[in-house]
Every structure is written in C-alpha cells, then in structure tokens.
Amino acid sequence: MASLPSIAFAPLGDAPAGGVLVVLAGEDGRIAESLGEAVLALVKKAASIAKFKGRSLSVLDIVAPSEVAVDRLLVVGTHGKEAPREEDWLKLGGLIASKVKGGASVTLRCQLADGAALEPRLAALIGAGALLRAYDFDRYKTQSSKKDEEGETPKLPGTITLAVGDVEAARAAFAVEEAVAAGTMLARDLVNEPANVLGPVEYAERIQELARHGIDVEVLGEPELKALKMNALLGVAQGSPRPPRLVIMRWNGGPDDEAPVAFVGKGVVFDTGGISIKPAGSMEDMKGDMGGSAAVVGVMRALAGRNAKVNAVGIVGLVENAVDGKAQRPGDIVTAMSGTTIEVLNTDAEGRLVLADALWYCQDRFKPKFMVNLATLTGAIIVALGHHHAGLFSNNDELAERLLSAGKTSGEKLWRMPLGPEYDKMIEGKFADIKNIGGRAGGSITAAQLLQRFVNDVPWAHLDIAGTAMGSPANEYNQSWASGYGVRLLNQLVADHYQSA
Ligand code: BES
Ligand code: MN
Ligand code: ZN
C-alpha cells in the first residue's frame, strides 16, 4: 500500500523553518496577523495579483522569497457562504496533501484569520483528510508501472506537522479521527480487492484479524448456516464452489446490560447475476458488491479503534453469486430462516436474499436497539439518486432523521425514499409468500420492502449504497474507486446518539 504521510503536532508559537508552510485564509484572503509583517505583505500582494479571495478550498501558491524562512507558502481559503461542516475540514486536509509532492515536509498553521486557534477536532479532521487523500490501492502495481510521466514515483508529503493551540488536545482528537480513517481505508481495501483474492473464506479470515483491536469475531460456515435454516442465503451461494460465511463481530464498549446497536452488510464478493446472468459490460465492478459489508467491517474497526463507549454488533453475509450446474434457478422457492417462503424469480436479485437471513438472525439473537443494513442492492438507486446520495429506507422516523443528520455532518449523504403497503403488495408471491423482484417500477423500493419483511418490529434502516460505495466521483479526500462510504456516516450516528460517554 502507498505509504501515508505521518502526522505530527507542534505548538502554534514555534516558528517553522524550511519546507512548505500552509496558512488558512478567511474572507478577502485575510490571514492571521501573528504571521508577521513579511508574510502578511507577501500574501497581500500575491492575493491581489492572483485575485485570491479566500474562498473555501481555493489555493494561493507562493514560492517564498529569501526573507521568509520557508521554501513555499500555501494559502488555503476557508471562507464560504455557510459555516464549514466537518467534512469541509477533511476536504481541506485532502487538498493540502494533494498540493505537496515528493515527500516534502509541511507545516500547517491551524489558525483562523482572526488569530484564533482551530478547535482540536477540526485540526484532527485536517490530518485525517490528508491520510484519506494519500490512500492508494496500488498493491498490484509493480514498481515500474507506479512511476509517473517523468519517471518519478509520485509521492505525497512525508510529514505534515499540525501547528495547534493545544498539542495534547489535538493529539487526542487525532487518535480518534485516525481510527475512523483507518476504518474507511479498510473498507476501501476490501472493496478494491479483486474477487479471485477475496472469496467468502478469505474475507472471513481478514475479518478475524480485527480481534487484534478487541473485536470478538465469530464465523459461521455452511453446516451452521444449514442448522439455522438460512436457506435464502444458502440458495445464493449454491452456484459457487466457494462456500458462504456469516461473520458476527462484537464490540463491547458500553455497559454489559445495554442492548447493542447493529449493523448488517451485504457481502456478495462477486455478483455474476447467477443463471439470470448479467451482461458483460462493466461486470468487473461486481467485485465491489460487498461494499455494504465492507462498511460494516470498517465501522466496527473505527469504533474499536477509538474505544467508543457503545455496544455494537456487525453482521455480514459473505457469498459468491456464481453459476454452475448446482446454481439456483429462476422459479426456485426457498424458505428463509424466518419461515417466510420466497420465489426466486431473478437470481440477480440476490443481495436481498442474503440480507433476509442476516437481518432475521440479527434481531432474533441480539434484540438490538436498531438495525442499519447497508447494501449495493439495486442499479435503480443509481438511476434515482446518482452518485451523491445513498438511498435511505426506514420504518422509524427518529432513526431516519438521525441518519440524515449524520449524513450531512460526515458528508456521506442520504436521501430518504418511501416505503408503504402499495409497494409491499408488488412483491406478493404467486406460488410462495413473496417473490424476490417487484417489476421494473420502483426497483429500489420493492427491494427495500423485501428486506422489511425480515426485520420484525425492530427500528430499522436500509441504505442502498450501489451508487456511492464505488465508482463515485473522486474528491479532495478520496481518489480511490472504492470510497469506503458508510464508515464515517455510521461512526457519526453512534457518536451523536448512542455513546454513554
Ligand atoms: N449488485 C446488484 C446491484 C448493483 C448494480 C450494484 C450496479 C452496483 C452497481 C444487484 O444484486 C442486482 O443485480 N440488482 C438488480 C436487481 C434486479 C434483478 C431486480 C438490478 O439492480 O438490476
Ligand atoms: Mn445481483
Ligand atoms: Zn448484487
């Protein structure tokens, strides 16, 4: 993996020598007076020539003259119509990392134009943004193919020193944000990994490595899944020589007697469509059909890494939807763990079958406060929302509102979609209780209705992340095909509402 810059801390009072100095600018390109006459005059002149107005994420790049103690001054705007949200500080960190190459050392003064030191948490987010920007899935690139046009290995900053008001507070805040970023990067790694490397068995083994961080990991194999009567999940897996796994992760950071929060993920390591096979174009993207499960694994890693005071359960159903002589056929009827019978009319609507059993198992065993499931469930959600919002479906307004708000804070945005009896009727079965497709109209909604049949009366939300988990547009803090969408969102949900301290 590409090496990440290291993040260091220093007091704002220290004068940096050499390297790149980054300063933050407010309205009209104003910077803190404490930077001294020489720098103030230089920035003022450069800003007027370059028409730099301090607009959020705009950059004024100055090669420093000899009377200034650094090599280069990077002035970054923070001024916008609205007050910056948490995500804007991540973007700022990512932007700064992208402007500095060749392993140079960077000192960033975390100080606003009015001279006030930036809050420790915001400084920490800048650091995390730089890490997320530096992430590059280059495991399978040999050294020679990593070189850029000039024959150099492209590199981000070597060290970023955050000059802050309170070093200890900023360090503590960064430890938290670093854990969350590690969760996001773990999710990205899992999604980027090709399916020949990451089958259900290998995936489960990777999850077991989380034991290192204090997470309890239990892996159920075929015999256990059969004993539990998870025939909906097993039916999807039966066309692949690679056996399925159900992995249960537990992080017990809260009081013993407190009900857990629960996250459930679709982990289809590759989705060929099965007998209802997909067309060849872009089928390779279906290595990412485990993006929901990757977000669940990532958020568990984040919660454990920051020692969150919460009890959390993560459950992922890992299968390959492949085609062989034993593959499930259209028309087959399976009895899910809940006892509900399902007519499988299209073997490509497989994610909902996997989740049906995982959701039922989750509420049955853990009696959670709520369940949030994530899945790259439907192409229809991409048609509806594009790549900038995930679809949110919920049976509970309070949970839905909390998720929407966590989405705004984290920048992993959601858009609420409807559920209702009219849509539920569309999946009534001809030969069984329900069928696994509802026709062309409202394809994301009928998929969500199927899931709702398996949540009992637990507060529940389904996030359809087909448009946001992978192939979404790059931004300041993500250049990777796999975005790691969901980790920061769910971590925020827990931090805002479900932590005891
Ligand atoms: N994994 C796909 C959904 C998907 C599509 C994810 C594109 C990411 C990008 C899912 O299993 C699927 O195939 N859904 C079908 C459902 C249909 C058969 C009712 C779809 O969306 O076409
Ligand atoms: Mn499918
Ligand atoms: Zn799928």
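This is a predicted model: local features need pLDDT of at least 70, side-chain atom pairs count only at pLDDT 80 or more; totals for chains, interfaces and linings use all residues.

Reader: Zinc to start. What coordinates the zinc ion (ligand 3)?

Author: Lys 266 (NZ), Asp 271 (OD), Asp 289 (OD) and Glu 350 (OE) do, at 2.0 to 2.4 Å. Donors here are N, O and S atoms within 2.8 Å of the metal (3.2 Å for Na, K and Ca); water is not among the atoms, so sites may look incomplete.

Reader: And what is the geometry of the zinc ion (ligand 3) site?

Author: Octahedral, with angles of 78 to 175° among six donor atoms. Six donors count as octahedral if opposite donors are over 155 degrees apart and all others between 65 and 115; four count as tetrahedral if all angles lie between 85 and 135 degrees, four as square planar by the rule used for six, and anything else is irregular. For reference, ideal angles are 90 or 180 degrees for six octahedral donors.

Reader: What spacing do the donors of the zinc ion (ligand 3) follow along the chain?

Author: K-x4-D-x17-D-x60-E. Asp 289 sits in the loop between β9 (261–271) and α9 (291–305), and Glu 350 in the loop between β12 (341–344) and α10 (351–366), so this pair ties together parts that are 61 residues apart in sequence. The helices (H or I, at least four residues) and strands (E, at least two) are DSSP runs, numbered from the N terminus.

Reader: Asp 289 and Glu 350, buried or exposed?

Author: Asp 289 is buried at 2% relative accessibility, and Glu 350 is buried too, with a relative accessible area of 1%. Buried means under 20% relative accessible area, exposed over 50%, and partly exposed in between (1.4 Å probe, protein chains only).

Reader: On to manganese. What holds the manganese ion (ligand 2)?

Author: Asp 271 (OD), Asp 348 (O), Asp 348 (OD) and Glu 350 (OE) coordinate the manganese ion (ligand 2), at 2.0 to 2.2 Å. Along the chain the donors run D-x76-D-x1-E.

Reader: Why is the arrangement around the manganese ion (ligand 2) called irregular?

Author: Because its six donor atoms subtend angles of 71 to 167°.

Reader: How far apart are the zinc ion (ligand 3) and the manganese ion (ligand 2)?

Author: They are 3.1 Å apart, with Asp 271 coordinating both. Asp 271 counts as buried, at 3% relative accessibility, while Asp 348 is partly exposed at 22%.

Reader: Now ligand 1. Which residues come nearest to ligand 1?

Author: Lys 278, Asp 289, Asp 348, Glu 350 and Gly 379, out of 17 residues around ligand 1. A residue is near a molecule if one of its heavy atoms lies within 4 Å of it. By type, the shell divides into six nonpolar, four polar and seven charged residues. Ala, Val, Leu, Ile, Met, Phe, Trp, Tyr, Cys and Pro count as nonpolar, Asp, Glu, Lys and Arg as charged, and the others, Gly among them, as polar.

Reader: What about polar contacts?

Author: For Lys 266, a polar side-chain atom is 3.2 Å from an oxygen atom of ligand 1. The protein covers 76% of the 510 Å² of accessible area that ligand 1 has on its own. A polar contact is a pair of N or O atoms within 3.5 Å; within protein, one must be able to donate a hydrogen and the other to accept it, and residues adjacent in sequence count only if both atoms are side-chain atoms. Accessible areas come from the Shrake-Rupley method with a 1.4 Å probe; for residues, only the protein chains shown count as cover.

Reader: Last one. Which backbone nitrogen does the Asp 332 side chain reach?

Author: That of Arg 329, at 2.9 Å. Asp 332 belongs to strand β11 (residues 332–335) and is buried, with a relative accessible area of 18%.

Terms used. Residues are numbered from 1 along each chain as its sequence is written. Chains are lettered from A and ligands numbered from 1 in the order in which they are written. Side-chain values use heavy atoms; hydrogens and water are left out.
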